[in-house]
Amino acid sequence: MVSRRERNAQRIAALDEQAEALGLKRGTGIADARAMHPSLEVVEADPAAEERLLDGLADWCDRYTPLVALDGSDGLHLDITGCAHLFGGERAMLDDLLKRLREQGFSARAAIASTAGAAWAAARFARGIILEAGAEAAFLRDLPLSALRLDAAVCAGLESVGLRTVGAILEAPRAPLARRFGRLPLARLDQALGHAEEALSPRLPVAALSVERALAEPVQRMEDIEELVLMLATTARASLETRGEGAKVIELALFRVDGAVCRVGVGTSRPMRDPRMIQRLFRERLAVTTIDAGFGFDLVRLNMRESARFETRQGDLAGNGRAADEEDLALFADRICARLGRAAISRPTLRESHLPERAVAFVPFADAPPSEGRDAPGPRRGAAGPPGLVPAPRPGARERPIRLLPRPEPVEASAEVPDGPPFSFRWRRTLYRVARAEGPERLAPEWWQASRDARTRDYFRVEDTAGRRFWLCREGLYDGTAAVPRWFMHGLFA
């Protein structure tokens, strides 16, 4: 038995068939139960562990249907519409499920019905039955009110007026019941009979496409799993081609013989359906993922969690050119991300701003729009610079530094003319003498979102006596205001 503290007393929360045969019931105090049967074995309830166990069972039930929903703290709902024929029919599926659960050490009750409410009642009040559509009312008629999934307080209120079975509610006038006890009893009844829809919320999103292979002999070696990935990806390719799509997020689900499920996922920067490439991505991912094969996996499934339209592009006859380079770059980035995570490689993308530090933003390689990677000039093609530096945008034909500092750094500058370029400046404790300068290039603040302290900037391209080139800016103007202009270092040229 399992005990739980309720109202400052330890009470029975769950019990097996042997305890029920002794006349014990849920809610009985542990002290009273021990007084009647001193040899009882009682275990303290662990809600967190029970929740993890139920989640594990729900994960395991994914082998029967992708639509698995939690039902409170002690049950599961499986929507097997369109799945039963894969197991030889509803009876064969039900028997297989109960047999596998018994082999794992569970004592389970299950039933099949056309509505979730009727299936819930059949699983708890009649084991292993299959209710045909339309037989719900006859089955529920003699059952207690708790078969409608009503709590104890509602059941007690209905019983106080002589309504002790579901059949009594079926024959009673609906309007007086609704006025006195609310809509819940009637809503539960309508759901069980199929007169009202009841939505189930699956634990996991349903994949757009799934392919699986049931194995006569469990596999344990990673090499065998990789070969199965190739086999499943080859099978999925035909369906993806028919849809004109490619996979963007792919999940490998490995079902262990003891009920545990291992899930490994990879993402792609562009739609993919080449089985060899998919196998290479999972090889990278499995190389850094610890998987306990236990006694082996007897079911392997490949889920295409996300897909997108697959666009083919014409290349040159020699097989060279920019398109091939882009495919190689995308595959390289996908392999790195599969091994090190999505944040391992990022790509700069343009933003709607003319201010240099706001005109570019880094996003994960897979999330950047494809056009950004193809059309952006210069270093914007996924190149990574030294730490602390970011690629600079190239708006128009204006010359921009190869690298921008993450944020402008203040410098001490001296200029002969207040509005002119500096003849020397000190940056990071080093003094530089300016030999040549170009500018200014004036950038006004973004008036539609500028803050009060935003000021006009004048940018200068300067070169020191050693040939090093810098991008300096003066923030503010000599317009007679109290605010004194300040100088900043913003970028470095090659």
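In which strand does Arg 474 lie? Arg 474 belongs to strand E17, which covers residues 469–475; strands here are DSSP runs of at least two residues marked E, helices are runs of at least four residues marked H or I, and both are numbered from the N terminus.

## About the model

The structure is a predicted model, in which local features need pLDDT of at least 70 and side-chain atom pairs count only at pLDDT 80 or more, while totals for chains, interfaces and linings use all residues. Residues are numbered from 1 along each chain as its sequence is written, and side-chain values use heavy atoms, with hydrogens and water left out.

## The chain as a whole

The secondary structure of the chain consists of 14 helices and 18 strands. Its radius of gyration is 34 Å, whereas a compact globule of 494 residues would have a value near 23 Å; the radius is taken over C-alpha atoms, and the globule rule is 2.2 Å times the number of residues to the power 0.38. Along the principal axes, the C-alpha trace spans about 100 × 65 × 50 Å.

Of the 494 residues, 39% count as buried, a word that means under 20% relative accessible area, with exposed meaning over 50% and partly exposed lying in between (1.4 Å probe, protein chains only). The accessible surface comes to about 27400 Å², and 51% of that belongs to carbon and sulfur atoms; such areas come from the Shrake-Rupley method with a 1.4 Å probe, and for residues only the protein chains shown count as cover. Among the contacts (heavy atoms within 4.5 Å) in the chain with a separation of 6 or more, 53% are between residues 24 or more positions apart.

## Charged side chains

The chain carries 71 positive and 70 negative side chains, and the centres of the two sets lie 4 Å apart. In this count Lys and Arg are positive and Asp and Glu are negative, while His and the chain ends are not counted; each charge is placed at NZ of Lys, CZ of Arg, CG of Asp or CD of Glu.

## Arg 474 and its surroundings

Arg 474 counts as buried because its relative accessible area is 0%. Its side chain forms a polar contact of 2.6 Å with the side chain of Asp 458, and the side chain of Arg 474 also reaches the backbone oxygen of Asp 419 at 3.5 Å. A polar contact is a pair of N or O atoms within 3.5 Å; within protein, one must be able to donate a hydrogen and the other to accept it, and residues adjacent in sequence count only if both atoms are side-chain atoms. Leaving aside neighbours within four places in sequence, Arg 474 is in contact with several residues, including Pro 418, Thr 456, Phe 460 and Trp 487.

## Ala 293 in a loop

Ala 293 is found in the loop between helix H12 (275–287) and strand E9 (297–309), and it counts as buried because its relative accessible area is 10%. Beyond its neighbours within four places in sequence, Ala 293 is in contact with Gln 220 and Arg 256. Ala 293 and Arg 256 are 37 residues apart in sequence, and their C-alpha atoms are 7.0 Å apart in space.

## Backbone details around E15

Most residues other than glycine have a negative phi, and most peptide bonds are trans. In the loop between strand E14 (422–427) and E15, Arg 428 has a positive phi of about 55°, and Arg 429, which lies in the loop between E14 and E15, has a positive phi of about 65°. Arg 428 counts as exposed because its relative accessibility is 53%, and Arg 429 counts as exposed at 81%.

Pro 440 is found in strand E15 (residues 430–443), and the peptide bond from Gly 439 to Pro 440 is cis, with omega near 10°.
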